[in-house]
2 protein chains.
Amino acid sequence: MANDDPSSRRPGVTPRRVDPLLEVRERKRGRRPGDAYVRIVRPFEEEFERTDEGTLVASERTVLARTGWTAGLRRLRTILIGRPISSELEEHERLTKVKAMAVFSSDNISSSAYGPEEIMRVLTLAGAAALSLTVPLAALIIVMLGVVTLSYRQTIKAYPHGASSYLVAGDNLGDRAGILAASALLIGYVVTVAVSVSAGVAAMTSIIPELYPERVVIGVAMVVLLTLGNLRGIRESGTIFMAPTYLYIGVILLVILVGFVRLVTEGGLPQFVVPAAWEGLESGTQVLGLFLVLRAFSQGAVALTGVEAISDGVPAFKPPEWRNARTTLTWAATIFAVLFIGIAFLATASGIVPDPTEQQTVLSLLVRHLVGSGPMLVLAQVATALILVLAANTSFADFPRLSSFLARDGFLPRQFAFRGERLAFTTGIIALSAMAILLMVVFSASVAGLIPLYTLGVFIAFTLSQAGMLVRWYRRREDGWRRGMAINGLGAATTFAVMLVVGSANFLQGAWLVVLLVPILMLLLWSIRRHYHGLEDHLDLERIPEGREVAVEPIVIVPVARLDRTARQAIAFANSISATATAVHITNDPESAAELRERWPEWAGKTELVVVESPYRALVGPLLRYLDALQAQDPDRPVLVVLSEVVPRHWWENFLHNQTALRLKLRLFRRPNTIVADVPYHVSADR
Amino acid sequence: MANDDPSSRRPGVTPRRVDPLLEVRERKRGRRPGDAYVRIVRPFEEEFERTDEGTLVASERTVLARTGWTAGLRRLRTILIGRPISSELEEHERLTKVKAMAVFSSDNISSSAYGPEEIMRVLTLAGAAALSLTVPLAALIIVMLGVVTLSYRQTIKAYPHGASSYLVAGDNLGDRAGILAASALLIGYVVTVAVSVSAGVAAMTSIIPELYPERVVIGVAMVVLLTLGNLRGIRESGTIFMAPTYLYIGVILLVILVGFVRLVTEGGLPQFVVPAAWEGLESGTQVLGLFLVLRAFSQGAVALTGVEAISDGVPAFKPPEWRNARTTLTWAATIFAVLFIGIAFLATASGIVPDPTEQQTVLSLLVRHLVGSGPMLVLAQVATALILVLAANTSFADFPRLSSFLARDGFLPRQFAFRGERLAFTTGIIALSAMAILLMVVFSASVAGLIPLYTLGVFIAFTLSQAGMLVRWYRRREDGWRRGMAINGLGAATTFAVMLVVGSANFLQGAWLVVLLVPILMLLLWSIRRHYHGLEDHLDLERIPEGREVAVEPIVIVPVARLDRTARQAIAFANSISATATAVHITNDPESAAELRERWPEWAGKTELVVVESPYRALVGPLLRYLDALQAQDPDRPVLVVLSEVVPRHWWENFLHNQTALRLKLRLFRRPNTIVADVPYHVSADR
């Protein structure tokens, strides 16, 4: 009652402060103003710890505690991705080399499963005899992998805090080059997820053809599983993804070993008998020209795309980060080389040709040919399917990290730089997942449709990164700079050549889409940065020589729809912060307005009421014009509009309320010098 | 500067009031506090008119004036649906009888285009000889239409403010019956739009088969056009839709006239020669049993669905409403009867049989047979296509009106009861349009798929309405109640019988969906009303014997992310309304927190700063727990959270800002005793 009347505000009496450092003092019963506090209790000491004057440290409880239906959501989230992890534990979330290889190299290593086949498939277009080029081309790719690996070993050492192409190119060649590399990589990562998961699903559906019609749904489910795994945080995702990678490596190494043992002991391998059904199918239709060899090569170059992953992820390694990362890179390249050349050599030596009906992979033909159709074949197929799906995980490690770098530099919205509860870059993970799912749905999870988009982006980034290192060596002239320049120069030339080959050989099949999307993405990143920079100029206090903001009392307006408790509560709040609050009733019904005015004094005390009749039944327009008129009288004072809103018991009931308040808020948000206060009325709270 | 310090609030000085009735006084230059105002100017007199003490009347300008990019939207809206119409003009927006027939009867009259054909098509299943039943069945339907029309003439007189089945059944048989009628009608109206538009599009595509693949897009475009037309308001929609209705009536009447003249002058009609291609196609496969006759009848019963429309729309007629509505109903029924029986008779007399390949309608065969393939045929086809699309307009008049009745009674969200700028029920029109489009997309605009859903709902409503009238006569026993009871009893019995026939004959073809949806919709309507009623009990001031809400000063908290002008503005606002506002900085970076604290006094004066470290990087959880702790100290005071938000220059830039503020607001909205104030910082305003 007392404070409702504006004139009753007690001048000179400063309201008692609540203690902002949370010591809740129990009051003496029946205390009068001025009485001392009696006892100190700390009911919130489990939620906040006080460190020194003016600082509180929040506990895990502050994150987990929820009430109502959101508590269920919180529990579900904890089940799916685990409890929050404190920033202090960041160091402990680092990866051992063994785990890092599983996380960052599954992309690289898994491409040994289809790389040789893709080369052979192109070569057979010029007849079975052309298959003799398989091993030389595979060897060339291994040599190039060696060059790129040596190159990147230097990059990792030079950039121990993350050797992403974006950073290396940006640092040495300027922002534009960095953004070009970043755009190419971001697109590359999204395509990687779509391709790898689609290929994994295809490996599955070739064992169980009944699943083929559901391949998009299965693929989407896989991506969702990968997303959840990555949201749990990098250490656990390492654990989850370790088994399939090493299973695949072990099984294929074993098959290769069997092959060589038979080759040595039996003095040669049994020859593969080409089924009669394959004769004349789509083979030998073209001449073995340069373009065909280049296409065969560019199919195999897919194998190199995984190298960037480890460089990007240097900070995720256990210390010393750069040394562990270099070692892991060398291991991964070596294992890949052995598997790749081993498969290519044994397949050629056995006279295996790719199945033109695409019902069996070359790898499965080879396994069957060398060790028979027993459990080993099933194991090899399962391991292949698993590692293909998990190859997508490399992108799940890289994309969020790269986008966090971009966000830190203002090229992407800030959320991309925030680590979530589990120290993972939640926004980046979810963005990658959403775009990859979109791509899979659009392309119906077809590997053939997606693969032309695959390699170009990554090789653009490679080239820029190596070129950046070249410039860096030249500028710094540190010890061994000539050797360094030679290595990185060779790397840059090699990756540039591959980029040209891959881009031109696949241009019409889909690489044009990448050529189109990269500049668009660059433009987007630049616009975002220009926006953030412009805003910073605007908001920065240092640059504008001006005193503190003056606290001018606002003009307080309470729109009132009818006489009910929500309105009464809003008016009470307005009166608590202003002695001159005015209620406004906008209506198209003069009769109800007259009734409201009649009952007003009894109901709202001395609070002033203004009735605005709106014969066009609009509410928002007249209210805004009314505010204009008020502010024209006193342009220095802001307007505070106090809105009452009903908080219903159930979320769906929101559709039945507050629609007008929502429209009003959207319009008021853009109005200069206007503040909106929401006074919620909780239906559930019985009062 | 001055007011920034909490202690500088001048006790006892009430801030100057702005005049809430908008007289803007020009101030003397360099005035000091206490100086008198000099001159009165009224810059807002074109926007507001002052009527008497404390009331303003808003002009059209308050609705139309917009700034920035919303001004373009506003202009587009004005172009599409016209300028706002004042409530005072409501009387003038009434319909003449001639226009009302176009608006409300196009559904009814248009069904003469396909009604006879649908009867004949079912009868031919029992062989061409069964076609002799066409005229008797058509006559039966006309008799029933007569009964229903007589029945509804009474209903219109008894309910001059709107004789919707919902009102009549609810008034006499209780709320449950009313809601049953309303649910059946709502569903019926949505299906009517989908069926009529699809049929109209089918009539078009049978002239121009190239359009067939685009039929869904064309149908959706038609619905959008109808929506815009109806949003312009009822009088104009009457004008728009008048021409096609009367064109159709004129053309078909002329054809019938030609037919009868030839019959009399030539002593008989030339006989239709059945094309050889039709022989043996899907005819004579069934025995002419009762079920087949009933199905044939129920196809024809579609013709009766339009009667409810005029009764529903009584308030839209010029006064005297009920008399004009009754006359229009009689006219419409008579015109329909002539067209329907005329087409049925002439088609049978000419020996026309329905085209089993469905490439031509019976009506077009008849026109071609009687007047040849000249311009008359084209005119008849065009008029038929137009009236079929416009038949959907009947539902656009009825659905919004019925839903406004339901909203007024609390069964639908309140928006359905608001008249838009053009006096049309905007929400209802848009809801109908959206659901009809959904239905057309789901059913691929197939008339055959939709028609089984069509008739049942309307006949449920008919039966309830007539039964309601029966009870009303019996209870009131006014003059002529026996005659009234006889007429309405006959009507109720007839419509009930048709309902049973239609429901059972079409059950498996799709009527089951209606049987399923009606109870679900009833449940929804009841839940909405229960919610509104429960809330009213809660909010009603009369029922709770309690004094005024006490104005308790809130605990004011300002979350501060960093030192910039948005934060400074929020703190200034907080200080302007509270002497004890506290800033809270939640961070996971102790270093930046230390820097903030160091610069704080220089920057924010005596405003208190609390730093909360959040090692789990969460922001919302710790802040909420912090508020809990503060309120535990002083449970009576509400918490006011002051948020600063950036208002960017372009709407899309919102994706780069305020995401955290949005999440915070969603959580704070459900927190009891918490008020949120948004202090926007406008980037565009150079200050």
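The side chains of Asp678(A) and Lys665(A) come together in a salt bridge, with an N to O distance of 3.0 Å. Asp678(A) sits in strand β9 (residues 674–682) of chain A and Lys665(A) in helix α23 (residues 659–669) of chain A, so this pair ties together parts that are 13 residues apart in sequence. Because its relative accessible area is 10%, Asp678(A) is buried. Please keep in mind, as we walk on, that this is a predicted model.

Let us look next at another link in chain A. Arg529(A) and Asp175(A) meet through their side chains in a salt bridge of 2.5 Å, N to O. Here Arg529(A) belongs to helix α19 (residues 507–539) of chain A, while Asp175(A) belongs to helix α7 (residues 175–207) of chain A, so the parts that the pair ties together are 354 residues apart in sequence.

Glu117(A) and Arg121(A) both lie in helix α4 (residues 115–123) of chain A, where they are four residues apart, about one turn of the helix. Their side chains form a salt bridge at 2.6 Å, N to O. Glu117(A) counts as buried, because its relative accessibility is 8% and the cut-off for buried is under 20%.

Over all chains, the structure holds 23 salt bridges.

Now turn to chain B, and to a pair of helices. Helix α13 (residues 362–371) of chain B packs with helix α14 (residues 375–408) of chain B at an angle of about 155 degrees, and their axes are 9 Å apart. Angles over 145 degrees count as roughly antiparallel, so α13(B) is roughly antiparallel to α14(B). The crossing in which α13(B) passes α14(B) is right-handed.

Which residues meet where α13(B) and α14(B) come into contact? From α13(B) come Leu363(B), Ser364(B), Val367(B), Arg368(B) and Val371(B), and they meet Met376(B), Leu377(B), Ala380(B), Gln381(B) and Thr384(B) in α14(B). Sorted by class, this contact of α13(B) with α14(B) has six nonpolar residues, three polar residues and one charged residue.

Terms used
Residues numbered from 1 in each chain as written. Chains lettered and ligands numbered in written order. Predicted model: local features only at pLDDT ≥ 70, side-chain atom pairs only at ≥ 80, totals over all residues. Heavy atoms only, no water. Axes fitted to C-alpha atoms, helices over the stretch in contact; angles between N-to-C directions. Helix = DSSP H or I, 4+ residues; strand = E, 2+ residues; numbered from the N terminus. Parallel < 35°, antiparallel > 145°, perpendicular 65-115°, else oblique. Left-handed = near helix turned anticlockwise from the far one by under 90°. Contact = heavy atoms within 4.5 Å. Nonpolar A, V, L, I, M, F, W, Y, C, P; charged D, E, K, R; others polar. Salt bridge = Lys/Arg side-chain N within 4 Å of Asp/Glu carboxyl O. Buried < 20%, exposed > 50% of the residue type's maximum accessible area, 1.4 Å probe, protein only.
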